[in-house]
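The structure is shown first.

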Amino acid sequence: MIRIVCVAVLSLVILPGLVQAKKKNENGRPNVVFIISDQHKKDALGCYGDDLVITPNIDALAKEGVRLSNCYVAAPVCAPSRAALITGMYPFANGAPYHKAPVKLANGKEKHIGSGFLRETGYHQGIITLAEAFNANGYITASPGKMHVHGELQKNVDEDHPNGNNMGWDEINTRYYTHFPGGHYQDEVGEDTYQRYRQFKKYSKVYKGGPGHLNEGYETALVKKDEDNFDMVVTRKSVEFIKKRGKDGENFFLHVGLEKPHPPFTTTQKYLDMYNPADFTLPETATEWHSNGKYPWVPDWIHSGWPKKDPAATKNIMASYYACITQVDDMVGRIVEALKAEGLYDNTIIIYTTDHGEHLFEHGLRGKHCMYEDAVNVPFIISYPAMLPKDQVNDMLVSFVDIMPTLCDLTGTEVPGTAQGVSIVSNLKNGTRLLNRPVLSEYRSGNYNGFKNIKNLPSRMFRVGDYKFIYTHGIISQLYNIENDPDELNNLVLDPAYQDMARDFCFHTLVDKPFLEYQNMAISISDRTIKWEAFEQAHNYAIYYALENDPGAAKMLVEGLTERTYKVSKKGFYWVMANPKYTRLSPRLGEVPVYLEQYTYQLPITDGVEFVPKNQN
């Protein structure tokens, strides 16, 4: 740190600014402010086309940068989505696919625990996080607010890891949804405020919806002081950090974890007064499932009864949600103003995004918890006029795992070798698309109508080009043309003309991407013959082939096999995929079979096996 001895009042005014400017320009590296909210529906922003929502600050950020229209989270729920962001890896690869992690107890029972309690329930050890990468490049890192990543630990919480795991953050405070003694929101404002904010324990009688309260009565938050609301506290801590960097000129990476517009949809009266619930219109599909039946491929509990039961209360909920968004927007404005006040704005990359979306009664659903666009396609705005264009829209497919390599590219930071994403800097600069590159999202949940007792049933989305395929284990798949069918009402899996596409997409969704707790079919090769384990509920099998060990390049070689052996002749790699036999019906699809007869922890895919002719050994 540079020390300045001031000898006159004039020096006090001028010299710090001169020296600070010199230090800030020493290395030419930009700072990063990464603002991530929770559960922000992409369409509910002015810059994404909503005329009703009030978001002047985020809209201004979009005017100063690039707005992505197809940014996909790696999971449509908080913890695994955030772990993917922090590790630059998909959930199936980083080992943290759960919102609450299942732990086997000594008595044999299973308990699902939240983040911050055990290291082994988190992402794999040895993975370099986003913060650690920037820390190694000389950046001061801070993360006030929500993090919610399994694997982060306070010291002396897990006896097997007494030193904890700060994930590379130099400064941590105001944690939320995470066990973090001494660094939690309630440590900043007091337990009573915490209880009032989340409507836990004694305050649950006031808001009977509990932690998931939707504010159908359009009431103000219970926090006594407006500035004690969580997002305000996080923003205050963020501004304090920015002011420190304004003084010392150190490069920094600031991760701002805001909580709204996640439920409860409660905020201060100021933001509620900006909206009139009567101005809101229910989505066209808000009561669709009431007439046609519940969706078998999404959890039962996210089907909402509000639009049918009480349209007026539904509008109150929608207005409350928008009021929470405007609160978030206000916080973004405070952070941007702080950067400008400290002379840091021009040299700072600013990002606004969210960890997943919100249906807000599209499809008659509430929350996220599935692979529909409202849950997985989120707002993403990046502003850095010194290098990137202004007021641009890019519709390329982008994944949350691309954020790490992109920010590393922009700042001259080494990309960790474990990162699975790609830098999109050149695409942002030139307005070009990443071509023929799929993006994935993964989810584990219970309460599917066909398998009520399964707690962590896996599903996975695979999107490439205009098409999106969704695999839900034990349940019929989905395929949509997002360009022609943005509301995802026409499941092309049911159309014979799309059977080949659905089959190939299913293969690429599953191959070489294991689900924790699930096993692939076994496969072996001997004397030019490949043999594989039966998938007990299979119609038949297909074989895929590639010359190299590259599943992404594999093509279907033969299908419709009923025997479990196949003679091969070409050198290369082979995989087998089963075509599951669905037998049980659902009200929505009528006579079309939807569910496997029995649930299985076996996946309808094998690993790859290599064949090398003897004369080529």
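Threonine 353 belongs to strand S8 (residues 348-354); strands (E, at least two residues) are DSSP runs numbered from the N terminus. The model is predicted, so local features need pLDDT of at least 70 and side-chain atom pairs count only at pLDDT 80 or more, while totals for chains, interfaces and linings use all residues. Residues are numbered from 1 along each chain as its sequence is written, and side-chain values use heavy atoms, with hydrogens and water left out.

The two residues are set out below with their relative accessibility; buried means under 20%, exposed over 50%, and partly exposed in between (1.4 Å probe, protein chains only).

| Residue | Relative accessibility | Class |
|---|---|---|
| Threonine 353 | 0% | buried |
| Aspartate 391 | 45% | partly exposed |

A polar atom of the threonine 353 side chain lies 2.7 Å from the backbone oxygen of proline 379. Not counting residues up to four places away in sequence, threonine 353 touches, among others, Phe34, Val378 and Phe400; contact means heavy atoms within 4.5 Å.

Aspartate 391 lies in the loop between strand S9 (377-383) and strand S10 (392-394). Beyond its neighbours within four places in sequence, aspartate 391 contacts Ala62, Lys63, Glu64 and Gly65.

Conventions
Helix = DSSP H or I, 4+ residues; strand = E, 2+ residues; numbered from the N terminus. Polar contact = N/O pair within 3.5 Å; in protein donor to acceptor, adjacent residues only side chain to side chain.
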